[in-house]
Amino acid sequence: MSSKEIIKYFYEVVVSKNLLDELPKYISNACVQKIGKNETFIGIEGMRQHLLAVRTTYPDYTMEIIRQFEDGETVVSEFIMRGTHKGEFIGITPTNKVIEIKGVNIDKIVNGKIVEHGGTANTFEAFWENGLITSV
């Protein structure tokens, strides 16, 4: 599989179907999360904890990759995440509404595994559209 195919499969199958036992096949033990200029070690266990936290808020969430761009070892993926808001998130009471969050993931692949993960999710737009946040 190409790096784009690995990333697409990881998000649309492994993450969407909550196949956490398969994380070692796709995530490097040395995986780091990059946010801006900051880099934090997460490894396989950190990725597992992140995915479990999202699953707590949206137990049925799935990810769909809309388009991708590859430059060397880096794959940029635009995604749509859909899930039912059943868990509290940053103080927002569960609504039981299906929330759709759009975003971009930036992953670096080395030897078929993610060694760097970063990106952004447009939670503001999704929360605004669903009345979870309002103007004062």
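Mentor: Let us begin with a term: two strands count as paired if DSSP finds at least two bridges between them. Please also keep in mind that this is a predicted model.

Trainee: Understood. Which residue stands opposite Gly103, then?
Mentor: Gly103 stands opposite Ala121 in S6. The strands S5 and S6 run antiparallel and are joined by eight bridges.

Trainee: Which residues other than glycine have a positive phi near 60°?
Mentor: Asn18 has a positive phi of about 60° although it is not a glycine, and phi of Asn96 is near 60°. Asn18 lies in the loop between H1 and H2, while Asn96 is in the loop between S4 and S5.

Trainee: Which strand pairs with S6 in the parallel sense?
Mentor: That is S1, which pairs with S6 over four bridges. Within this pairing, Ile27 stands opposite Ile114 in S6.

Trainee: Ile114, then: buried or exposed?
Mentor: Ile114 is buried, because its relative accessible area is 1% and the cut-off for buried is under 20%.

Trainee: What is Ile114 in contact with, apart from its sequence neighbours?
Mentor: Leaving aside neighbours within four places in sequence, its contacts include Ile7, Phe10, Tyr26, Ile27 and Cys31. Asp107, Lys108 and Ile109 are also among them.

Trainee: How far is Ile114 from Lys102?
Mentor: The two are twelve residues apart in sequence and 21 Å apart in space, C-alpha to C-alpha.

Trainee: Phe10 was in that contact list. What does Phe10 itself touch?
Mentor: Beyond four places in sequence, Phe10 is in contact with Val15, Leu23, Tyr26, Ile27 and Ile114. Phe10 also belongs to the largest nonpolar core, which has 31 residues. Phe10, Leu23, Ile27, Tyr58, Tyr61 and Met81 touch the most other members of that core.

Trainee: Which element gives the most to this core?
Mentor: H1 does, with six residues.

Trainee: New topic: how big is the largest pocket?
Mentor: The largest pocket has a volume of about 550 Å³. Of the 27 residues that line it, the closest to its centre are His50, Val54, Phe79, Met81 and Ala121.

Trainee: Where does the largest share of the lining come from?
Mentor: From H3, with six residues. H1, S1, S4, S5 and S6 are among the other elements that each supply at least two.

Trainee: And what is the lining by class?
Mentor: The lining has 17 nonpolar, nine polar and one charged residues.

Notes. Residues numbered from 1 in each chain as written. Predicted model: local features only at pLDDT ≥ 70, side-chain atom pairs only at ≥ 80, totals over all residues. Heavy atoms only, no water. Core = buried A, V, L, I, M, F, W, Y, C linked by side-chain atoms within 4.5 Å. Buried < 20%, exposed > 50% of the residue type's maximum accessible area, 1.4 Å probe, protein only. Contact = heavy atoms within 4.5 Å. 1 Å grid on protein atoms, 1.4 Å probe; cavity = no way out; pocket = protein on both sides within 12 Å on 5 of 7 lines; lining within 4 Å. Points joined across faces, edges and corners; volume = space filled by probe spheres on them. Nonpolar A, V, L, I, M, F, W, Y, C, P; charged D, E, K, R; others polar.
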